[in-house]
Amino acid sequence: MINSESSQVYCVIMRSGTSKGIFLNENDLPQDPVLRDKVILSIFGSPDPRQIDGLGGAEMLTSKLALISPPSRDDADVDFSFGQVEIAEPVIYYDGLCGNIASGVGTYAIEEGLVKAVEPVTKVRIFSRNTNQIYITEVPVKDGRPLVDGDYAIAGVPGTGAQIQVDMAGTVGSRTGRLLPTGNPIDTLDIKDFGKLEVSLLDVVNPCIFVRASDIGMKGDEKPVDVDGNEALMKLVDNIRVAACAKMNLTDWEIKNPTPFVVFVSPPKDYTDHLTNKKIKADEVDFLARMIILRKMHQTYAGSVSCVTGMAGVVPGTVVHEMAKPTDDQKIIRIGHPAGIIDVEAECDNTPEGIVANRVTYSRTARRIMEGYVYVPNKVFEN
């Protein structure tokens, strides 16, 4: 103990996909959820716009939490809770699942000795406590350790790394119990202060609302700087979410919850990666997509939302399928987002019981940046 006025908490900072998160062992934290979250907020340095007195990165994609614990189910290897830690408010949202942070959980579990490494690929069954469902990561390993180096590149992350495959087929109906919450590929909503709007509602990993960009006056190739701070647009997004949640019977939903996400889609066109200024050609993508989270445009594209977007691309009749125009045997859906392209492997069948998702898989890379102890003032542990 270096400082008698502080307590040590073991932590790992990991770049996971296009996000960066603080990974904590839940058993190292207070059992009382209120006190636990108070300690976590102190670790991140929230509430403070700069998170100057903690480990948070003062940006939505770098203020993310992974709580890891031993498995609570026989069919899982590890339990995982995702938290979106607010920066300027003393709040942690456990609503929904971050696909980027989720992709690094298997790597963390192997590195921490929670899961035995099996070469050349270790399958890790992860119980998401956010959705009460299991997803699977396939982690490449060598000499008992997850591989870090590789030739797989993801838009929004410099360089390349070892490819981690994430299969989210087990998360269909995460909140609503159905792939298509209303049973329809398209629904018409009556939006306050706007009027009628056609949307597609799908639920894989997290429920999402898909809108044609042109229907809400967007071009489809906007960058975050083009929309962030646009109060009229964000109010429209709020109203779309309110109407969609009513349609999906999410009666316990509140407007402050991050999910469901609104995604506006448009046909392929040339555009520029806003992070690197690289030119992306229309023929490199199947459609363009921009997602809104907590009243801001995502700088890249959430791994979780890539899953539901990919599935929407292969479900006949959705506004995304309309844009993508996939062939009958097409499995890989290429999504053009503000910082590049993300590929999703998606397959579905049309059965008498409705559309069934057979596979929805995406790939990420992950890297442990540091491990050690964060010092939390003792006073924080007081109720």
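This is a predicted model: local features need pLDDT of at least 70, side-chain atom pairs count only at pLDDT 80 or more; totals for chains, interfaces and linings use all residues.

Analyst: Residues are numbered from 1 along each chain as its sequence is written, and side-chain values use heavy atoms, with hydrogens and water left out.

User: What is a salt bridge, and how many salt bridges does the count come to?

Analyst: Side chains of opposite charge can pair when their charged atoms come close. A salt bridge here is a side-chain nitrogen of Lys or Arg within 4 Å of a carboxyl oxygen of Asp or Glu, and by this rule the count comes to 20.

User: Which parts does the pair of K123 and E138 tie together?

Analyst: The closest N and O atoms of K123 and E138 are 3.9 Å apart. Because K123 lies in strand 6 (residues 121-128) and E138 in strand 7 (residues 133-142), the pair ties together parts that are 15 residues apart in sequence; strands are DSSP runs of E with at least two residues, numbered from the N terminus.

User: Is D238, the partner of R295, buried or exposed?

Analyst: D238 is buried, with a relative accessible area of 12%, whereas R295 is partly exposed at 32%; buried means under 20%, exposed over 50%, and partly exposed in between, using a 1.4 Å probe and protein chains only. Their closest N and O atoms are 2.9 Å apart.

Terms used
Helices (H or I, at least four residues) and strands (E, at least two) are DSSP runs, numbered from the N terminus.
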